[in-house]
Amino acid sequence: MEKKTEDRSPTNRAVITGCGSFVPSKILTNEDLARMVDTSDEWINSRTGIKTRHLTSDEESTAYLATEAAKRALQYAGLDAEDLGLIVVATITPEMVFPSTACFVQQALGAKKAWAFDIGAACSGFVYSLHLVHQLIENGRLDSALVIGAETLTKITNWKDRSSCILFGDGAGAVVLQRKQNAGRGILYSTVGADGTFWEALNCQAYGSRHPVSRPLDNPDKVYMQIKGREVYQQAVRRIVDAVTDCLEHCGLTLDDVAMVISHQMNARIIESAAKRLNLPEEKVFINIQNYGNTSAASVPIAFDECVRHSKIKKGDIVIFVAFGAGVTWGANVIEF
Ligand code: ACO
């Protein structure tokens with residue numbers, strides 16, 4: 001586990017100057033799901049906090065969602081796509097095996113000067129990406145970047161499996177990061193980690209090199225996400241608590257200094273349980289899973305955008321992003337907005 005980022009010259013800071021999000025218009029309610037599998041609104045809501053989720057149509061792809069979120073973030077930042085230096089898309093539901101989803105976004109935006117690549121760290125992908133881009137900007141190698149979390153998880157959902165199909169939704173969130181000199185704000189710190197011994201807790205096995213498309217699958221359900229919900233639940237709470245504690249300790253912050261903790265929205269009960277262990281007051285924990293379900297890498301930037309646009313987060317506020325996901329992976333960033 002990588003514990004600490006190096007302390008660098010405060011001259012170059014990676015500042016979030018814009019944010020945006022986009023979800024498809026089609027909504028699937030718990031009542032709709034109760035007509036598809038043996039479940040109920042009461043069961044789903046009491047176990048997960050989810051009420052509705054957004055679903056892409058056949059025509060809507062991950063790059064489309066990512067591009068729409070990116071346009072909104074660029075508009076907020078007042079930055080032309082042509083001036084972007086880098087586009088990173090965090091996703092586990094890419095446009096295709098290759099090229100990267102980020103290249104499709106680059107083309108759609110006309111961001112001719114940007115290099116572009118994807119990050120596959122599942123639900124932690126956005127937090128991982130911010131950590132990387134932060135280093136490039138502080139080192140002076142990059143002036144600006146778009147970091148996007150974008151997912152179309154409902155395209156790899158098994159709609160016959162009631163234990164998983166209730167959880168997921170589609171959407172995208174984006175932030176613009178810019179190098180500012182002596183800004184006195186920006187990304188302050190990140191902590192990230194992974195433990196591949198738990199890969200079986202969350203996965204989608206077809207069609208990588210282990211189960212290539214050229215060979216029939218031993219189990220046709222390998223085209224869908226498989227989760228071991230209980231195992232994920234317990235680990236997620238522990239990793240979120242540890243990552244937030246690490247952030248507070250490293251930055252010398254108390255909970256009073258923090259305006260908001262934005263967790264990956266995997267289950268409202270997981271977030272509430274972690275918040276309780278951290279003694280975080282309710283008003284400092286943002287939850288919007290009721291409207292979107294679990295959108296993996298997209299959930300933190302969608303939640304951040306919602307907070308900013310509804311003035312729950314203001315300029316100068318200290319915000320902690322935290323995530324846990326398949327791999328297993330986890331991470332957190334401390335931002336002075
Ligand atoms: N409706 C009704 N009953 C259900 C449903 C459903 N949708 N799903 C499962 N059940 C039943 C099970 O069959 C089981 O019945 P049994 O006792 O007769 O065998 C019972 O409910 C309990 O099943 P569990 O899987 O133990 O239910 P649990 O209370 O753990 O809740 C849940 C399941 C909501 C998935 C929970 O474990 C969870 O949120 N886990 C973590 C989230 C997660 O895995 N997210 C995956 C995304 S990856 C990420 O974001 C990190």
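Reader: How many residues of the shell around the ligand are nonpolar, how many polar and how many charged?

Author: Twelve are nonpolar, eight polar and four charged. For sorting, Ala, Val, Leu, Ile, Met, Phe, Trp, Tyr, Cys and Pro count as nonpolar, Asp, Glu, Lys and Arg as charged, and the others, Gly among them, as polar. Before we go on: this is a predicted model, where local features need pLDDT of at least 70 and side-chain atom pairs count only at pLDDT 80 or more, while totals for chains, interfaces and linings use all residues. Residues are numbered from 1 along each chain as its sequence is written, and side-chain values use heavy atoms, with hydrogens and water left out.

Reader: Which residues come nearest to the ligand?

Author: Out of 24 residues around the ligand, the nearest are T39, R162, H264, N267 and N294. "Near" here asks for a heavy atom of the residue within 4 Å of the molecule or strand.

Reader: What share of the ligand's exposed area does the protein bury?

Author: The protein buries 74% of the 1000 Å² that the ligand exposes when taken alone. Those areas come from the Shrake-Rupley method with a 1.4 Å probe, and for residues only the protein chains shown count as cover.

Reader: On to salt bridges. How many does a search of the whole structure find?

Author: Side chains of opposite charge can pair when their charged atoms come close. The cut-off used here is a side-chain nitrogen of Lys or Arg within 4 Å of a carboxyl oxygen of Asp or Glu. The search finds twelve. One of them pairs D32 with R35, at 2.7 Å from N to O. Here D32 is partly exposed at 22% relative accessible area, and R35 is exposed at 64%. For those words, buried is under 20% relative accessible area, exposed over 50%, and partly exposed in between (1.4 Å probe, protein chains only).

Reader: Where in the chain are the partners of the D38–R162 bridge?

Author: First the pair itself: the closest N and O atoms of D38 and R162 are 3.7 Å apart. They link distant parts of the chain, with D38 in the loop between α1 (30–34) and α2, and R162 in helix α6, 124 residues away. D38 is exposed at 61%, whereas R162 is partly exposed at 48%.

Another bridge joins K51 and D41 at 3.2 Å, N to O. K51 is in the loop between α2 and β3 (52–55) and D41 in helix α2, ten residues apart. Both ends get the label partly exposed: K51 at 34% and D41 at 22%. There's also a network of salt bridges that links E68, K71 and R72.

Reader: What about backbone geometry: which residues does a cis peptide bond join?

Author: Most residues other than glycine have a negative phi, and most peptide bonds are trans. In this model, F98 and P99 are joined by a cis bond with omega of about 0°, and P99 lies in the loop between β4 (86–90) and α4 (101–109). A206 and Y207 are joined by a cis bond too, with omega about -10°; look for Y207 in the loop between β9 (202–203) and β10 (226–227).

Reader: And where is N279, with its positive phi?

Author: N279, with phi about 60°, is in the loop between α8 (268–278) and β12 (285–286). N279 is exposed at 61% relative accessibility. S311 has a positive phi near 55° and belongs to the loop between α10 (299–309) and β13.

Note on methods: Helix = DSSP H or I, 4+ residues; strand = E, 2+ residues; numbered from the N terminus.
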